[in-house]
Amino acid sequence: MTIRQLFLSACMAAMATGATAEGVKVGMITTLSGGGAGLGIDVRDGFMLAVEQSGRDDIEVVIEDDQRKPDVAVQLADKMIQSEKVDVLTGIIWSNLAMAVIPGAVAQGKFYLSPNAGPSVLAGKGCNPNYFNVAWQNDNLHEAAGAYANSARLTNSFILAPNYPAGQDALTGYKRFYEGELAGELYTKLGQTDYASEIAQIRAAGADSVFFFLPGGMGISFMKQYAESGLDLPVVGPAFSFDQGILQAVGDAALGVRNTSQWSKDLDNPANTAFVESFQAKYDRLPSLYASQGFDTANLLISAVEAADVGDQDAFRAALKAADFASTRGDFEFGPNNHPIQDFYVREVIQEGDVFTNKVESLVLESHGDAYAAECKM
């Protein structure tokens with residue numbers, strides 16, 4: 001076979017499989033060490049499971065640990081863009097790191113697919129055609145918690161969150177939908193582990209409930225200390241503090257807590273059933289919210305690779321916008337600012353044998369977008 005025939009054969013094979021001649025190179029910057037490492041590990045594992053299941057050999061993934069440090073994340077992004085020549089970036093968990101990396105990456109013509117962080121600025125005035133959030137806008141799960149608090153007739157919530165962009169969006173989101181009074185409102189230090197002072201303030205405030213957003217180890221510390229304090233006020237929170245990777249560490253203290261999420265392992269759709277089964281088989285653990293978001297992010301990317309060449313940015317962008325993939329969440333589409341429109345649920349923490357997990361209780365917000373889309377001028 002001549003060189004020309006070999007070239008034509010390769011092109012025909014690529015067209016038949018949807019592959020591109022050059023493929024797609026993905027740079028994943030996520031948290032794999034220190035506080036919050038479990039979140040990044042789950043995003044990575046969910047993402048790589050989807051790539052493996054696709055059977056494609058034209059998607060290369062370069063993975064680096066940001067150590068939850070903005071300066072490290074920026075250095076890694078620069079290396080991936082300048083030296084690694086990636087086409088797409090993904091992976092960041094924390095909103096302060098997202099704000100440090102994403103604007104510069106999309107300004108250089110790279111696509112960014114967020115599997116987690118969704119700062120309000122990037123959904124509104126700072127939106128960009130090359131930025132897609134595959135998880136949610138930061139306020140969303142907290143808006144759902146506020147809506148649930150109304151239905152549960154909670155009228156005097158004490159609310160707290162870490163003082164960083166996602167924490168600020170959290171309390172903004174809860175207050176946007178919550179119709180009651182506030183017994184108190186606190187911003188804590190990011191990474192804080194001692195909540196004795198905050199719990200004392202809750203005790204003295206006359207609250208009828210507590211809403212908090214404390215992801216990762218922060219939530220574990222707070223819930224353990226809250227249970228030990230003897231306070232028995234109803235606790236409402238987003239999934240981040242009651243997700244699969246956290247519940248085993250929290251234990252009995254979390255039982256009965258209601259939390260809000262766009263995903264749960266018991267959502268009844270074929271894509272989710274297959275995902276939960278295959279993730280557990282490969283990694284010997286139940287998937288978390290973060291794992292589901294990593295899995296969906298990879299499948300969105302795969303759907304775009306199958307439809308367009310990443311070198312044709314307009315076509316690739318349109319393929320991402322179409323969101324032609326089977327999400328673990330069921331119905332999924334992008335709004336005008338490239339953030340999801342999706343359902344949100346209330347889940348209850350339960351125990352199945354020796355495993356603490358969540359069970360969907362009810363739908364709380366249907367086909368819900370975000371409050372910042374009108375500010376996005378794309």
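## Cavities in the model

Welcome! A search of the whole structure finds 2 cavities of 30 Å³ or more. On a 1 Å grid over the protein atoms alone, a cavity is a set of points where a 1.4 Å probe fits but cannot get out, and its lining residues have an atom within 4 Å of a point. Points are joined across faces, edges and corners, and a volume is the space filled by probe spheres set on them.

This is a predicted model, in which local features need pLDDT of at least 70 and side-chain atom pairs count only at pLDDT 80 or more, while totals for chains, interfaces and linings use all residues. Residues are numbered from 1 along each chain as its sequence is written, and side-chain values use heavy atoms, with hydrogens and water left out.

## The largest cavity

With a volume of about 120 Å³, the largest cavity is lined by 15 residues; Asn116, Trp136, Tyr164, Ala166 and Phe213 lie nearest its centre. Its lining holds 11 nonpolar, 4 polar and no charged residues. Here Ala, Val, Leu, Ile, Met, Phe, Trp, Tyr, Cys and Pro count as nonpolar, Asp, Glu, Lys and Arg as charged, and the others, Gly among them, as polar. At least three lining residues come from each of domain 1 (2–138 + 268–341) and domain 2 (140–263 + 343–375), with bounds taken from an automatic or database domain assignment.

## The second largest cavity

The second largest cavity has a volume of about 40 Å³. Among the residues that line it are Asp243, Trp263, Lys265, Pro287 and Arg347. This lining divides into 2 nonpolar, 4 polar and 3 charged residues.

The centres of domain 1 and domain 2, taken over C-alpha atoms, are 28 Å apart. Their contact (heavy atoms within 4.5 Å) takes 32 residues from domain 1 and 28 residues from domain 2.

How much area is buried between domain 1 and domain 2? About 2,500 Å², of which carbon and sulfur atoms give 61%; buried area is the accessible area (1.4 Å probe) that two parts lose on being put together, summed over both. In domain 1, Gln137, Asn138 and Leu289 lose the most area to domain 2.

Conventions: 1 Å grid on protein atoms, 1.4 Å probe; cavity = no way out; pocket = protein on both sides within 12 Å on 5 of 7 lines; lining within 4 Å.
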